[in-house]
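Here is a short report on one model. It covers surface patches, the nonpolar core and salt bridges.

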Amino acid sequence: MMQVTPIVSKDMFQRPNIYHEKLSDITSKYKNSNELYKDLQKKPLLNLRVGTLLYLSHLKNSQGNIRQALMKYNGSKRKAAYAETVLKDIRKYENRFSY
């Protein structure tokens, strides 16, 4: 769902406070980053929590710039295209659900 990669989950396991103060509550339950990564693949709520904390850390480091945070979250060569696609979807759903 949130597509947290093995490399990122390893870094999050090793340095949780760099990302978010709540992340250490999660990572402390695991012996190693491989266990965390395996659970991220099997447990949707854990996946959403960790992915959200990762995104929030990027949002904070981007001073609230959603586009930049999405680009950092994606990290691929197509990160600008990814950010634009997500922002387009956000605008589409904002229009549908605005009251």
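Patch members have over 30% relative accessible area and no salt bridge; like charges are joined within 9 Å, and nonpolar side chains (Val, Leu, Ile, Met, Phe, Trp, Tyr) within 5 Å. Areas come from the Shrake-Rupley method with a 1.4 Å probe, and for residues only the protein chains shown count as cover.

Arg 91 lies in helix α7, residues 79–97. Helices (H or I, at least four residues) and strands (E, at least two) are DSSP runs, numbered from the N terminus. Arg 91 counts as partly exposed because its relative accessibility is 43%. Buried means under 20% relative accessible area, exposed over 50%, and partly exposed in between (1.4 Å probe, protein chains only).

## Basis of the model

The model is predicted: local features need pLDDT of at least 70, side-chain atom pairs count only at pLDDT 80 or more, and totals for chains, interfaces and linings use all residues. Residues are numbered from 1 along each chain as its sequence is written, and side-chain values use heavy atoms, leaving out hydrogens and water.

## Nonpolar core

The largest nonpolar core has 22 residues; Val 4, Met 12, Leu 23, Ile 26, Leu 36, Leu 46 and Val 50 touch the most other members. At least two core residues come from each of α1 (6–14), α3 (23–27), α4 (33–42), α5 (44–61), α6 (66–74) and α7. Helix α5 gives the most, with six residues. Such a core is a set of buried Ala, Val, Leu, Ile, Met, Phe, Trp, Tyr and Cys residues joined through side-chain atoms within 4.5 Å.

## Nonpolar surface patch

Met 1, Leu 45 and Leu 48 form a nonpolar surface patch, with about 320 Å² of accessible area together. Met 1 sits in the segment before α1. Its relative accessible area is 63%, so Met 1 is exposed.

## Salt bridges

There are four salt bridges in the structure. Each is a side-chain nitrogen of Lys or Arg within 4 Å of a carboxyl oxygen of Asp or Glu. Arg 67 pairs with Glu 84, with the closest N and O atoms 2.3 Å apart. This pair links distant parts of the chain: Arg 67 is in α6, Glu 84 in α7, 17 residues apart.

Arg 15 bridges to Asp 11 at 2.8 Å, N to O. Asp 39, Lys 42 and Lys 43 are linked in a salt-bridge network. Asp 39 is buried because its relative accessibility is 12%.
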